[in-house]
Amino acid sequence: MNYAWLRNWQALPQGCATPAETAREELRLAGLDAGLREDAALGEGWEIVEEGGRPVVHGGSRGLLYGAYALMAARKTGLCLPRGVQQPRYTLRMIDCWDNPDGTIERGYAGRSLWFEGGRMAWQPERIAQLGRMLASVGLNVLCINNVNVGEEGARLITEDLPELARLAAAFRPFGVRLMVSIDFSQPLRYGVETADPLSPAVLAWWTARADAVWAAIPDFAGFLVKADSEHRPGPMTYGRSHAEGANMLARALAPHGGVLVWRAFVYNCLQDWRDTHTDRPMAAYETYAPLDGQFDDNVILQVKNGPFDFQVREPISPTFWAMPHTRLALEVQLAQEYTGQQIDLYAMNPMWREWQTELPVSLPAAVAAVSNLGRDENWCGHPFAAVNLYGFGRYAWDPEVSPEEVIRTWARLTYALPENQEDALCLMLLNSRSIYEQYTAPLGIGWMITPHNHYGPDPWGYEYSPWGTYHRADRSGIGIDRTEKGTGFTRQQPPEIAAKYADPAVCPDEQLLFYHRLPWDYVMRDGRTLARRILDDHREGVERVEAMAAVLRELELPEPDRSVALSRMERQLQNAANWRDIISDFVTRLSGVC
Ligand code: GCU
């Protein structure tokens, strides 16, 4: 039996209508003698207890399915099942796909869309069932299927293409995965309404009728996701309205159906003049949203990216998380490795997410969402190891304090059957992969030296004269931006106890030093090296660590085609790392005079 997490475990369940039925069928297919006892009071939670010499899963319908998968995974890996009732920390555990109806995927690194082609919905039932199984096996429960940048064709999902959408929703339903779509705020304009002003009764009436139609076709539909007034998308600001007014109008159309309105907080000036040193892009979301705290309806969730910039290797936690105690917030992370190696370079994310938890209380966000790393590639995520992030996100969404070691170990064992020492080596490689990538691309918290637009490989001048607000401002005197009280004042947006950790370069952790501070090249670091020397050393060491990973990878007895794919991508990672080292070292040497 090929049990690999992302492949056919065995035959797929057929003809099941509910997650509980799927649970029963999965256990039967796996040949597991286990009972199921439905207990609606447990909701999505589950508990496995020994009764009459065999395990019995207790749970609500979805809880039964999650418990059944946990049991199957434990049997396969030999790892222990957790004791007691398991409840997810977040109720909305969502994957956001940036798929376009033409079949392409914005920031997609694993092939074409799994459900769109040629402007229409097109999908293989088997792959959808496999995906449903994968998502449910780690407790993920919502899938938003289209790009937040909604075009003409994407907008049709809730109008002309609604019957197709309903068919896809039905395919995911047995796995407890509910669909969501991204909508275009200005969509009423396409249907004869003269404005998209959220305070216009005609606009509310249009959205209300749309929501009624969507829920009539898909009774368990999850809701709408909106990117508004962001990177040239339309939004309420066009009409002089606030984001609370925009979001609440839509939320009121969805409320009678129990739908949620997920509103993204990715708003900043993307037409900044690079000569303007007063505007500091990482401060933008807080400035826009903190004053609106308490103004959003109950079924609005404001989705905030983890950091105040945009999914860089290392960023502070977005200060918006602390600024809105009266608003339901979702934490948005990016599994698609846009800035983190594009599913060519290794980058396992659980260690990074776990680090955040030391600062971000688990109670702050109400939900979690991840930009998808999926595509039509045979192995789903482009690199066979990139699947660890989809798996790991489900585990994190269920329990943000889960140990990265355990997640990576379980994924490795579910996916491969390696001898123990090789499994250890694979796990160690994945655990260290983020710190290695960081070291050869962006040590010390300096982001945005990446090649503009495609975001792979180094280009230290690439974003310096651009309108995107992403500057490092390196010159002969030093590098970085002062974001303390004396500089842009970003630290004022943070709670004082967080700001205190970063505001003084003498105590600021090295990993974030150049996000918060502008420092001269000859600044002496705590380890006695100058800043310039340290940057050069880090890039060199990062490459050496990739070389060491490559040597380990060559020894792993992975099954084909994973072995060939992983090895060929590692060759590209080696080249990428060397490019980063050589180009950034040259840049630093020329500016600083250190060699
Ligand atoms: C990044 C990314 C875009 C995306 C945007 C978003 O800027 O490069 O492709 O549309 O994030 O999150 O909306």
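Author: Buried means under 20% relative accessible area, exposed over 50%, and partly exposed in between, using a 1.4 Å probe and protein chains only. This is a predicted model, in which local features need pLDDT of at least 70 and side-chain atom pairs count only at pLDDT 80 or more, while totals for chains, interfaces and linings use all residues. Residues are numbered from 1 along each chain as its sequence is written, and side-chain values use heavy atoms, with hydrogens and water left out.

Reader: Why is Glu332 called buried?

Author: Glu332 has a relative accessible area of 1%. The cut-off is under 20%, so the residue counts as buried.

Reader: What makes the contact of Arg264 and Glu332 a salt bridge?

Author: A salt bridge is a side-chain nitrogen of Lys or Arg within 4 Å of a carboxyl oxygen of Asp or Glu. For Arg264 and Glu332 the N to O value is 2.8 Å, so the pair meets that definition. Arg264 lies in strand S10 (residues 260-264) and Glu332 in strand S12 (residues 329-334), so the pair ties together parts that are 68 residues apart in sequence. Arg264 is buried too, at 2% relative accessibility. Helices (H or I, at least four residues) and strands (E, at least two) are DSSP runs, numbered from the N terminus.

Reader: Why is S12 called mostly covered?

Author: Six of its six residues are buried. Leu329, Leu331 and Val333 point one way, and Ala330, Glu332 and Gln334 the other. In a regular strand the side chains alternate between the two faces of the sheet.

Reader: How do you know that S12 pairs with S13?

Author: Two strands pair if DSSP finds at least two bridges between them. S12 and strand S13 (residues 367-371) have five, in the parallel sense, so they pair. One of the bridges has Gln334 with Val371 as its partner in S13. Strand S11 (residues 300-305) is joined to S12 by four bridges, and these strands run parallel.

Reader: Why is Arg241 called partly exposed, and what is its salt bridge partner?

Author: Arg241 has a relative accessible area of 26%, which lies between the cut-offs for buried and exposed, so the residue is partly exposed. Its side chain meets that of Asp197 in a salt bridge (2.9 Å, N to O). Asp197 counts as buried, at 12% relative accessibility.
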